[in-house]
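Trainee: I've got a model open and I'd like to learn how to read it. Can you walk me through it?

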Amino acid sequence: MNYKLVIFDCDGVLVDSEAIGNRFISEALTLAGIPISAEGALSQFLGGKLTQIKKDAEKQLGFSLPANWVDEIYKKQFSEFRKNLKSINGIEDVLDVLERINIPVCVGSNGPLNKMEVSLGVTKLKDRFLGRIFSADQVESPKPAPDLYLYCADQMGVLPQHCLVIEDSPRGASAGVAAGMHVFGYTGGGDNSALKKVGCTKTFDTMQEIAAFLDT
């Protein structure tokens, strides 16, 4: 291994927020006239950007959604995060290993900075990434474009080929691959075929397995 930086996606990698977040997206879309279950939203929008979901919905509906549509979803998500959000099991093990072997870390998420302020704050992970939390709002195009991960590498002063990305979604993994980085896919025990298909270097069912691999 010759990693000089590890870039973590946030939702589904650091914090167990995907199911919570997509439940409110499915509710909002259904009310707008696009019926979709929470499970369907999770499958379709995993790793996606909420502002883009709004644009896609408006195109399908043929009319504009309220200006505060995205903010209202975030408001509901944040409220639920503060009550029930947990970190991904084993993520502290990965961070502890990287700290011990002196490999820098940062976060690169399609979500906005204020969302990570809540999710990483609630789970007490924010202090481990202070000054190293980056959002797709800071670049031209969100994942699956490589812009965000290239921005992370530039901000951290590391060449892309020396970066390792840890992702749970094919959309995010595709961004890391397009950026010329190594990508680990985290499945949480689910199917790894989609992550393998987009070019993940390796896939892992648990964070403990990632920690053990990095510690070898």
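Mentor: Two strands count as paired if DSSP finds at least two bridges between them. Keep in mind that this is a predicted model. Now try β5 (residues 182-186) and β6: they run parallel and are joined by three bridges. Within that pair, glycine 185 stands opposite threonine 203 of β6.

Trainee: What holds paired strands together in general?

Mentor: Strands of a sheet pair through backbone hydrogen bonds, and the pairing can be parallel or antiparallel. Here, six strands make an open sheet with parallel pairing, and the order is β3-β2-β1-β4-β5-β6.

Trainee: Which are the edge strands?

Mentor: They're β3 and β6 (202-204), each of which pairs on one side only. From one strand to the next, the twist averages 25 degrees.

Trainee: Let's zoom in on β1. How many bridges does β1 share with β4?

Mentor: Four, and β1 and β4 (residues 163-167) pair in the parallel sense. Phenylalanine 8 has isoleucine 166 in β4 as its bridge partner. Then look at β2 (residues 105-109), which runs parallel to β1 and is joined to it by three bridges. There, isoleucine 7 is partnered with cysteine 106.

Trainee: Are the side chains of β1 buried or exposed?

Mentor: For the cut-off, buried means under 20% relative accessible area. Both faces of β1 (residues 5-8) are covered: Leu5 and Ile7 are buried on one side, and Val6 and Phe8 are buried on the other.

Trainee: And where do the helices α5 and α6 lie?

Mentor: α5 lies across β1 and β2, running at about 160 degrees to β1. α6 lies across β2 and β3, at about 140 degrees to β3.

Trainee: What should I look for in the backbone?

Mentor: Look for exceptions. Most residues other than glycine have a negative phi, and most peptide bonds are trans. Asparagine 102 isn't a glycine, yet its phi is positive, at about 65 degrees. You'll find asparagine 102 in the loop between α5 (91-100) and β2, and it is exposed, with a relative accessible area of 67%. Lysine 124 also has a positive phi, near 65 degrees. Lysine 124 sits in the loop between α6 (113-122) and β3 and counts as exposed at 68% relative accessibility.

Trainee: Where is the cis peptide bond?

Mentor: Go from lysine 143 to proline 144: that bond is cis, with omega near 20 degrees. Proline 144 belongs to the loop between β3 (133-135) and α7 (147-156).

Terms used. Residues are numbered from 1 along each chain as its sequence is written. This is a predicted model: local features need pLDDT of at least 70, side-chain atom pairs count only at pLDDT 80 or more; totals for chains, interfaces and linings use all residues. Side-chain values use heavy atoms; hydrogens and water are left out. Buried means under 20% relative accessible area, exposed over 50%, partly exposed in between (1.4 Å probe, protein chains only). Helices (H or I, at least four residues) and strands (E, at least two) are DSSP runs, numbered from the N terminus. Axes are lines fitted to C-alpha atoms, for helices over the stretch in contact, and angles run from 0 to 180 degrees between N-to-C directions. Contact means heavy atoms within 4.5 Å.
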